[in-house]
Amino acid sequence: MPKTRILIAALLASAIGNATAQDRDDRYPGITGTISPSASSPGGAPEWSGESGASGHPLMTAAAIRQAADNFHACLERIWPAAAKRSITREFYQSATAQLTPDLRIMDLMDNQPEFTKSFWDYLDILVTDARIAKGRELLEKYRKTFDAVEQAYGVDRTIITAIWGVESNYGTLGGDRPVLRSTATLACIGRRQNYFREEFLSTLEILQRGDVRPDRLVGSWAGAFGPTQFMPTAFKRFAVDFDHDGRRDVVDSIPDLIASTANNLRKDGWVSGQSWGYEVVIPSTLNFMLADHRRPMPLREWERHGLTRPGGKPFPHPDAQAFLLVPAGVQGPGFLMLANFNAIMKYNPAEAYALAIGHLADRLRGGERFAQDWPRYERVLTRDERLELQQLLARHGFDIGEPDGHLGAKTRSAIREFQAKAGQIPDGFASAVVLEQLRGR
Ligand code: CA
């Protein structure tokens with residue numbers, strides 16, 4: 001089952017003040033997520049550029065997109081039997097699809113590969129702000145009884161739900177305004193992820209036929225994520241619950257349904273009740289950084305034996321809990337010991353910076369401190385070309401980075417560590433300009 005929720009960059013768009021902010025979508029690699037803030041260009045939405053996509057995928061050439069658009073209704077007709085198997089009535093299918101036109105602008109958005117990305121600390125700065133903390137605390141107070149009941153039922157901490165609400169859509173204010181039916185129909189028939197989006201399209205039809213969410217409220221990101229916590233239609237099918245017992249699972253307009261459905265999602269993704277997502281830690285310079293690997297979890301007490309401590313010397317509440325060490329910005333930046341709940345957040349939103357922002361915002365909502373250690377803010381973030389070059393050089397030197405895609409994830413970090421270790425350096429895995437220089441010199 002592919003990852004089901006699209007990473008939303010609306011918050012970044014809001015912070016930057018226009019619709020050009022993008023971020024890579026890690027929910028399923030290869031798609032760049034971006035949406036416009038709902039307030040953008042009313043009546044004047046930008047048209048498709050008419051250009052071939054940057055991915056180079058054969059289904060993303062301008063000619064292939066035009067051809068698929070011409071065959072849009074024939075394609076929808078081919079999907080009909082699959083819809084019938086899900087008890088969609090012919091009448092409903094007809095009425096839902098008869099007037100649909102493809103939204104080709106989505107093809108630009110799907111293949112947008114931003115030249116510049118942000119650093120880890122930029123994301124945290126943008127996503128965890130005083131305003132977002134204040135608004136989150138307001139909501140925690142306003143819906144206290146609902147949160148009480150949801151915690152009781154699902155065992156998922158209220159601040160995590162609130163943080164997801166805040167990070168995914170700025171508390172429902174930036175969730176995108178594209179009709180989910182049109183977006184998923186477009187993606188099911190045009191472009192490079194049709195199989196994946198066919199499921200999303202079919203699930204959208206089910207939501208509409210059942211009447212869970214009002215049709216005019218089923219709007220969201222270009223990839224079909226909707227509502228304040230950005231459910232994809234298939235995720236809605238798996239996780240949405242009718243917590244206010246009105247017969248509809250309305251994760252857009254019912255706060256109890258929204259909060260409980262998001263909690264249910266996390267619980268089913270492995271949330272451990274009563275535990276944190278993880279801890280900021282101070283790493284001794286003597287540490288073998290090869291241990292900083294998500295595939296090498298150890299009990300917290302074992303990490304303590306390696307000299308890792310929490311800032312200020314606070315104890316770990318559950319020293320037997322397994323944690324892996326994340327060092328996102330190298331030896332000059334903070335470390336984080338990540339518990340099982342971090343993995344649950346990563347299933348919700350598989351970009352490390354976003355998942356860390358969600359965890360940190362949750363801590364701040366309940367009165368926690370800022371991170372104690374500084375980020376290496378003087379480090380220059382590599383451009384897309386440089387990131388690709390870095391990966392290609394690593395591959396040429398025999399390190400496994402998977403497919404070069406310009407995305408510096410855990411696999412690239414691991415390859416950098418191995419390269420640094422061979423070169424006799426501290427293997428902190430950080431993709432700095434210095435590492436790139438060193439690779440070029442070999
Ligand atoms: Ca309901």
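How many salt bridges does a search of the whole structure find? In this predicted model, the search finds 30 salt bridges.

Several of these pairs can be described one by one. Arg144 bonds in this way with Glu141, and their closest N and O atoms are 3.2 Å apart. Both partners are partly exposed: Arg144 has a relative accessible area of 43%, and Glu141 has a relative accessibility of 47%. A second salt bridge joins the side chains of Arg158 and Asp148, with an N to O distance of 2.6 Å. This pair links distant parts of the chain, since Arg158 belongs to helix α9 and Asp148 to helix α8 (residues 144-154), 10 residues apart. Arg158 is classed as buried because its relative accessible area is 17%, under the 20% limit. Asp148, at 37% relative accessibility, counts as partly exposed. In a further salt bridge, between Lys411 and Asp400, the closest N and O atoms are 3.6 Å apart. Lys411 is in helix α18 (residues 410-422), whereas Asp400 is in the loop between α17 (384-396) and α18. Lys411 is partly exposed, at 47% relative accessibility.

The calcium ion has protein donors from Asp242, Asp244, Asp246, Arg248 and Asp257, lying 2.2 to 3.1 Å from it. Arg248 contributes its O atom, while Asp257 is listed with two OD donors. Along the chain the donors follow the spacing D-x1-D-x1-D-x1-R-x8-D. The arrangement is irregular because the six donor atoms subtend angles of 46 to 163 degrees around the ion.

Four strands form an open, antiparallel sheet in the order β5-β8-β7-β6. Its edge strands, β5 (278-281) and β6 (298-299), each pair on one side only. Four bridges connect β5 with β8 (residues 335-338) in the antiparallel sense, and Glu280 stands opposite Phe336 in β8. The loop between α13 (255-268) and β5 contains Gly274. This glycine, Gly274, is exposed, with 68% relative accessibility. The C-alpha atoms of Gly274 and Gly155 are separated by 7.5 Å, although the two residues are 119 residues apart along the chain.

Helix α15 (residues 340-348) has the buried residues Asn341, Phe342, Ala344, Ile345, Met346 and Tyr348. The elements that cover these buried residues include α9 (158-169), α13, β7 (322-326), β8 and α16 (352-365).

Notes
Residues numbered from 1 in each chain as written. Predicted model: local features only at pLDDT ≥ 70, side-chain atom pairs only at ≥ 80, totals over all residues. Heavy atoms only, no water. Pairing = 2+ DSSP bridges. Helix = DSSP H or I, 4+ residues; strand = E, 2+ residues; numbered from the N terminus. Donors = N, O, S within 2.8 Å, 3.2 Å for Na, K, Ca; no water. Tetrahedral: all angles 85-135°; square planar, octahedral: opposite > 155°, others 65-115°. Buried < 20%, exposed > 50% of the residue type's maximum accessible area, 1.4 Å probe, protein only. Contact = heavy atoms within 4.5 Å. Salt bridge = Lys/Arg side-chain N within 4 Å of Asp/Glu carboxyl O.
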